[in-house]
Amino acid sequence: MQALKVAMLGCGVVGTEVATRIQNRSEALAERIGAPLKLSAIVVRDTSKQRPGIDPSLLTTDAEAAIADADIVIELMGGIEPAKTLIRSALDHGSSVVTANKALLAANYGELMSAADAAGVRLEHEAAVAGAIPIIRPVGDSLAGDRIDRIMGIVNGTTNYILDQMDSEGWSFDEALTTAQELGYAEADPSADIGGHDAAAKAAILSSLAFHAPVSIDDVHVEGIEEITPEMVATARDQGFVIKLLAVCERVSESPAGPGLSARVYPALLGRSHPLATVRGAYNAVFIEAEAAGSLMFYGQGAGGEPTASAVLGDVVSVARRKVLGGRGQYERPFHEDSTILPISAITTRYHITLDVVDRPGVLAAVSEIFSDEGASIELMRQTVGEVDDQGTQHAKLVLATHSNTDAILRETVDRLGGLTVVRAVKSVIRVEGQ
């Protein structure tokens, strides 16, 4: 068959890897597709910049001309604009698009997927979530005949590396972050990672895909790991837990606000026997609970040039084979526009609370009274004697594990505990998942 023309928008670390593989593995790719791929143009801001391994004649600043001449467009520019406008242009030209742009998809998933469907082409985005781990196609295609109830994942390698080093090596947060930056796991400005925003974008995409609802990143409740301390990690370990930054996407059948969907990102306690608790270093993993298939876990490298390029090329092969075979583009995936996105306050959860208290009679009674007033209950209470302070007052560490309740009730309970005269400080509050 005639070669399929591929235009690439952007040529950073991932783009360079993709371009190199298209050129160096042309025969193998042609065998899998049924037609050769021809890299027709690479759109960059500066064509004079040296890019080792890239043919300078392919470089151009004219994105529209490159798109108009392409059968497949690979978008690796990042950001919202001009990426969104150029993707819409490619779809309007009848070109399938492969993208790794999680920020764009998290903000415009429903709009872009509907545009692809209307144009009869594909918009593939495996590389936008969890790097090389195949998760988008399993959720969108392999489990299309099932009902996905819950997705829980470690989808940011930077934060997982930091928390893993704090747990396994006893490092401070700053020490683990600095090492992550030295190893290339964290950016010079790591705020998107440690603040949970990168994971939130991926949670929005997974929720939209799994539940056929337009979930935006603005719908995702986000908490980062900036406040996690070695003391919190040590307390978790003593209780048989590990702390992980989790993206949780689920259907909620009952809540004070009625049934709906929840998408949230926060550091949480996982029992050490849970499969996600064993995910070490900068690796990612996604745990799915489906009605018929049961529990499934996908594990692998979640970032880096080569893993991301692998996911991009997988999508390119997929759309190219479909084009060669004459298949229709995007599957019909109607979005439930009326889906209710529940606030974090309506979610049922469990808390682990650590208090620094004055060690004297009546403390436990005062704490228990507040739980009773708020309609919350304590599952487990452990107290260890602490040091004597400068005023000669003995204090203790009180660890409380709650039964399940709404986040609103547990949050109000914690706020009231902090106001007790016998409570010197609320040292930590962290949710429990996986139980």
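**Aromatic pair and hairpin**

I began with Y299, which is partly exposed at a relative accessible area of 48%. My cut-offs: buried is under 20% relative accessible area, exposed is over 50%, and partly exposed is in between, with a 1.4 Å probe and protein chains only. Before going on, a note on ground rules: this is a predicted model, so local features need pLDDT of at least 70 and side-chain atom pairs count only at pLDDT 80 or more, while totals for chains, interfaces and linings use all residues. Residues are numbered from 1 along each chain as its sequence is written, and side-chain values use heavy atoms, with hydrogens and water left out.

Next I looked up aromatic pairs (ring centres of Phe, Tyr and Trp, the latter by its six-membered ring, within 6.5 Å; planes under 30 degrees apart are stacked, over 60 edge-to-face, the rest tilted). The structure holds two of them. In one, the ring centres of Y283 and Y299 are 5.2 Å apart with planes at 10°, so I logged the pair as stacked. Y283 sits in strand β11 and Y299 in strand β12, 16 residues apart. Helices (H or I, at least four residues) and strands (E, at least two) are DSSP runs numbered from the N terminus. Y283 is partly exposed, at 32% relative accessibility.

How do β11 and β12 run relative to each other, parallel or antiparallel? They are antiparallel, with eight bridges joining β11 to β12 (residues 294-301); DSSP has to find at least two bridges for strands to pair. A hairpin of three residues connects β11 to β12, and A290 stands opposite G294 in β12.

**Salt bridges**

I counted a salt bridge when a side-chain nitrogen of Lys or Arg came within 4 Å of a carboxyl oxygen of Asp or Glu. That rule gives 23 salt bridges.

- D167 and R272 meet at 2.6 Å, N to O. D167 is in helix α7 (residues 157-168) and R272 in the loop between β10 (260-271) and β11 (283-290), 105 residues apart. D167 is buried at 14% relative accessibility, while R272 is partly exposed at 37%.
- R350 and E379 meet at 2.8 Å, N to O. R350 lies in strand β13 (residues 348-358) and E379 in strand β14 (residues 378-388), so this pair ties together parts that are 29 residues apart in sequence. R350 is buried at 13%; E379 is partly exposed at 43%.
- E374 and R416 have their closest N and O atoms 3.1 Å apart. E374 belongs to helix α13 (residues 363-374) and R416 to helix α14 (residues 407-418), 42 residues apart. R416 is partly exposed, at 31%.

I also found R150, E250, R264 and E433 joined into one network by salt bridges that share partners.

**Helix α13**

Which residues of α13 are buried? V363, A366, V367, I370 and F371 are. Just after α13, G375 takes a positive phi of about 75°.
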